[in-house]
Amino acid sequence: MRPVSAAMTILVASPAVLPFPPVDPVLFSLGPFAVRWYALAYIAGLLFASWYMKRLVSTPRLWGGQTPSMTPGQVDDFFIWSVLGVVLGGRLGYVLFYKPGYYLTHPLDILRLWDGGMSFHGGFLGVVLVCIIYGRRIGTSLDRMLDLGAASVPVGIGLGRLANFVNGELWGRVSDVPWAFVFPLDELQLPRHPSQLYEALLEGLVLFLAVRVATHRYGALQHPGRASGVFALVYGLSRILVEWVREPDPFLGYFAGVFTMGMILSLPLCVVGVWLLLRSRREPA
């Protein structure tokens, strides 16, 4: 983190700070029950993924004469499995990757999902495990299952990042760019990169379009592992890029004074992406 004195210099030198939009993270409340934009982003992302996967398996030209990985009915069944994989994997990933010491002494707090704390990389591993289990049940390989997920989940990731922005969390580092925001929960009240919006653009829109071009123009679904390879590589590179302007978690800080946990977890994803792309070249079309 930059010294406060340097950050204050940036604040003085950057008077044109954008006002943070007055959007309540809670859409509405009914007694103790609150509906939050963050939860709605997860739900909308999962529903879109299910709908889009059914569109993919119902479009024969994308498969080049091969049998699609799933039937539309199997996609509906897989939806329940994927919800469990995303939620449980995302939560356990956050516990293990980001705050293992805290949750070791406060194990019951692991169940407090309403307090926030989800990890994309943990959710990704949860979905991989679900794909292995469900794929074996229906006789479909892991890479073919992952290809469908890779094509459909970027929209949900983008919506989740927009919800992070609405919550005023996971903000960027102090900056003097003209589109910097002062986030309400920032104790220092300094202008910062809206890194959540950068991630929504790169991990949501750009990632979706990259996989979409691969599946609809270059027949990626005809080569097991190719769509998921594009997803892993583009997501990993996008996350590493944004991490350079994203404020690291205060309880972790920097590793070796430079790297963040997000960078460390994304680097293996890039390696896996390259491996999947190379491997898909050897698969018969």
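Buried means under 20% relative accessible area. By that cut-off Glu-243 is buried, and so is Arg-239. The model is predicted.

**Salt bridges**

Ten salt bridges turn up in a search of the whole structure.

| Salt bridge | Closest N and O atoms |
|---|---|
| Asp-186 with Arg-192 | 2.8 Å |
| Glu-243 with Arg-239 | 2.8 Å |
| Arg-246 with Glu-243 | 3.7 Å |

Arg-246 and Glu-243 are both buried. Salt bridges with shared partners link Arg-161, Glu-199, Glu-203, Arg-239, Glu-243 and Arg-246 into one network.

How far apart along helix 9 are Glu-243 and Arg-239? They are four residues apart in helix 9 (residues 226-243), so about one helical turn separates them.

Asp-186 and Arg-192 form another of the salt bridges. Both of these residues are buried as well.

**Nonpolar surface patch**

The surface carries a nonpolar patch formed by Val-23, Leu-27, Phe-28, Leu-30, Phe-33 and Trp-37. Together these residues have about 580 Å² of accessible area. Which element gives the largest share of the patch? Strand 1 (residues 26-30) does, with three residues.

Trp-37 belongs to the patch and is found in helix 2 (residues 37-57). Why does Trp-37 count as partly exposed? Its relative accessibility is 35%. Partly exposed covers the range between buried, under 20%, and exposed, over 50%, so Trp-37 falls in that class.

Methods: Residues are numbered from 1 along each chain as its sequence is written. This is a predicted model: local features need pLDDT of at least 70, side-chain atom pairs count only at pLDDT 80 or more; totals for chains, interfaces and linings use all residues. Side-chain values use heavy atoms; hydrogens and water are left out. Patches are made of residues with over 30% relative accessible area and no salt bridge: like charges are joined within 9 Å, nonpolar side chains (Val, Leu, Ile, Met, Phe, Trp, Tyr) within 5 Å. Accessible areas come from the Shrake-Rupley method with a 1.4 Å probe; for residues, only the protein chains shown count as cover. A salt bridge is a side-chain nitrogen of Lys or Arg within 4 Å of a carboxyl oxygen of Asp or Glu. Helices (H or I, at least four residues) and strands (E, at least two) are DSSP runs, numbered from the N terminus. Buried means under 20% relative accessible area, exposed over 50%, partly exposed in between (1.4 Å probe, protein chains only).
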